[in-house]
Amino acid sequence: MNDPQRPVIPGFHPDPSICRVGDTYYLATSSFEYAPGVPVFRSTDLRSWEQIGNALDRPSQLDVSQAGPSGGVFAPTLRHHDGRFWMITTNWSDEGGQVLVHAEDPAGPWSDPVRIPSAVGIDPDLAWDDDGTCLMSYAGFGPQGGEGIVQSAIDPFTGEVLGERRWLWSGTGGKFPEGPHLYRVGDLWYLLVAEGGTERGHAVTIARGPSPRGPFESSPRNPVLTHRGTDLPVQNTGHADLVERPDGSWAIVYHGVRARGSSPEWHVLGRETFADEVIWEDGWPVPAGHIAPARPAETAVRQELTGQTLPPDWVAASRFPAEAVSREDAGWRVTAVGADPVFVGRRQEHLFAQVRARIVVEGTGGLSVRVDPRHALELEVADGAVEAVWAVGDVRHRLGRAELAGEADLELRMLPSQGHEFSTARGPDRVVAGVRLGDGFVPLGEVDGRYLSTEVAGGMTGRMVGLAATRGSVLVRSFEYLGSDDPAVVGGGPAAPVNWAAE
């Protein structure tokens with residue numbers, strides 16, 4: 001039996017866009033309400049990826065203060081042209097339209113953005129015609145709703161729109177044609193789009209024409225890629241981007257979800273980035289086998305908070321971490337901003353994980369796993385005690401409580417679900433919240449993982465794990481994340497031993 005398909009960039013990393021310079025690939029993904037925004041990755045083989053920074057890493061580039069769950073930054077496009085890297089995306093929370101930045105080094109610094117407020121829509125793409133004209137194609141919104149993929153010529157340095165907007169294509173009939181990418185291959189121009197919605201009906205379709213302005217002819221083989229209606233373990237596949245290798249072969253990156261549990265199944269990590277080989281048949285691209293990540297499924301991935309700066313994958317919800325997090329000799333201090341609670345953390349990137357934090361609370365706060373504030377399990381410390389608090393919608397359940405003496409040693413465990421395979425009680429996983437007292441782990445509450453899934457919470461993000469400050473501040477003396485796609489690596493039950501030294 002073949003191993004299940006696994007993402008090359010795991011966790012909540014949707015809407016991938018890729019480009020190549022020489023022998024190196026660069027890739028950017030969506031970030032929604034989290035800042036810094038638009039994480040940027042680097043690889044030399046499409047299998048091993050390293051995050052090298054964030055394209056929108058300072059407040060002058062990005063305002064997500066009004067972005068609620070799944071607001072903020074939508075799908076980016078990353079391109080390299082004439083010696084510069086270009087990234088364009090939509091910030092849906094500030095009414096400024098499309099956001100366009102450039103850099104000589106994709107690790108940064110990136111320029112302050114130019115804005116294109118007259119381009120009302122999402123998912124902008126950049127391509128350059130033979131005469132050097134920069135073309136911005138995007139999913140346009142008309143007066144009566146969606147109007148398909150549209151295009152305008154722009155000045156990328158100023159954001160000025162040059163000429164009238166033109167309609168290009170509306171896909172093959174699926175809902176929400178979006179995520180366009182335009183390429184020149186030989187004498188033809190190809191327009192790749194996503195359609196069908198970013199749920200179980202998601203798909204990738206393609207058209208081609210003699211000019212980047214069309215007219216475009218739909219491929220007779222559409223959809224290029226979809227897993228809808230199949231029993232494949234990866235679903236919701238779509239929002240793709242093509243890239244040519246140095247040897248002339250091609251690959252495609254796209255997002256998908258690993259849904260688990262009984263029907264209708266739930267995904268908890270968000271939309272992750274996958275990759276496939278591509279061959280060309282009769283002038284059309286065809287996926288030809290999965291590209292596996294270099295790291296085996298049973299590998300343990302461990303992260304600790306060390307050093308004087310937060311890692312590039314640490315983000316805050318609706319603000320930059322620097323607004324609420326500071327470094328002290330004793331650790332990291334997370335402080336509520338006025339009456340506003342603060343969440344800062346990282347993505348859960350593995351099917352199974354354990355998270356530990358040793359903290360001192362001066363107010364109310366603690367350790368959290370969440371999809372959004374209304375769908376979370378938190379270990380909340382206040383007044384010398386810790387409680388496991390489960391938020392589902394507008395209801396907050398207090399599952400268990402323990403008295404504390406001094407520092408709080410908190411732990412969350414994301415473990416395999418239990419029960420019969422076809423039982424409706426079987427969710428995607430189970431989440432256990434507890435506290436370490438002495439050498440032992442004391443569970444305070446357990447939640448079916450479906451209640452911390454996108455299917456229940458809604459939206460377009462995935463699980464995050466990190467630190468919350470509701471009132472006052474939290475001093476974080478240590479934070480550790482241990483994750484793997486093999487449950488044996490992180491412990492198979494609430495009392496199972498965990499090898500925290502594993503790498």
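This is a predicted model: local features need pLDDT of at least 70, side-chain atom pairs count only at pLDDT 80 or more; totals for chains, interfaces and linings use all residues.
Mentor: Two strands are said to pair if DSSP finds at least two bridges between them. Six bridges join strand E26 (residues 342-347) to E34, and the two run antiparallel. Within that pairing, arginine 347 stands opposite methionine 464 of E34.

Trainee: Which residue of E34 is the bridge partner of glycine 363?

Mentor: The partner is glycine 472. The strands E27 and E34 run antiparallel and are joined by 19 bridges.

Trainee: How many bridges join strand E22 to E34, and how many pair strand E25 with E34?

Mentor: Strand E22 (residues 301-304) is joined to E34 by four bridges, in antiparallel fashion; arginine 302 has leucine 482 as its bridge partner there. Strand E25 (residues 331-335) also pairs with E34 in the antiparallel sense, over four bridges.

Trainee: Is E34 mostly covered or mostly exposed?

Mentor: Strand E34 (residues 464-484) is mostly covered, with 16 of its 21 residues buried. As a general idea, side chains in a regular strand alternate between the two faces of the sheet.

Trainee: Why does glutamine 354 count as buried?

Mentor: A residue is called buried under 20% relative accessible area. Glutamine 354 counts as buried because its relative accessibility is 0%. This residue lies in strand E27 (residues 352-372), and its side chain makes a polar contact of 3.1 Å with the side chain of arginine 413.

Trainee: What does the side chain of serine 43 reach?

Mentor: The side chain of serine 43 reaches the backbone nitrogen of aspartate 45 at 3.1 Å. Serine 43 belongs to strand E4 (residues 37-43) and is buried, at 2% relative accessible area. Setting aside residues up to four places away in sequence, serine 43 touches Asp23, Thr24, Tyr25, Ser48 and Trp49.

Trainee: Where is serine 318 found, and between which strands?

Mentor: Serine 318 is in the loop between strand E23 (315-317) and strand E24 (325-328). Its side chain reaches the backbone oxygen of alanine 67 at 2.5 Å. Not counting residues up to four places away in sequence, serine 318 touches Glu33, Val64, Ser65 and Ala67.

Trainee: Which residues form the nonpolar patch on the surface?

Mentor: Trp92, Val120 and Phe141 form the patch, and together they have about 270 Å² of accessible area. Valine 120 sits in the loop between strand E9 (114-116) and strand E10 (121-128). At 41% relative accessibility, valine 120 counts as partly exposed.

Trainee: Is alanine 385 buried or exposed?

Mentor: Alanine 385 is buried, with 2% relative accessible area, and its place is in strand E29 (residues 385-392). Leaving aside neighbours within four places in sequence, alanine 385 is in contact with Glu380, Arg401, Ala402, Glu403 and Leu404. Alanine 385 and valine 301, 84 residues apart in sequence, are 31 Å apart in space from C-alpha to C-alpha.

Note on methods
Residues are numbered from 1 along each chain as its sequence is written. Side-chain values use heavy atoms; hydrogens and water are left out. Buried means under 20% relative accessible area, exposed over 50%, partly exposed in between (1.4 Å probe, protein chains only). A polar contact is a pair of N or O atoms within 3.5 Å; within protein, one must be able to donate a hydrogen and the other to accept it, and residues adjacent in sequence count only if both atoms are side-chain atoms. Contact means heavy atoms within 4.5 Å. Patches are made of residues with over 30% relative accessible area and no salt bridge: like charges are joined within 9 Å, nonpolar side chains (Val, Leu, Ile, Met, Phe, Trp, Tyr) within 5 Å. Accessible areas come from the Shrake-Rupley method with a 1.4 Å probe; for residues, only the protein chains shown count as cover. A salt bridge is a side-chain nitrogen of Lys or Arg within 4 Å of a carboxyl oxygen of Asp or Glu.
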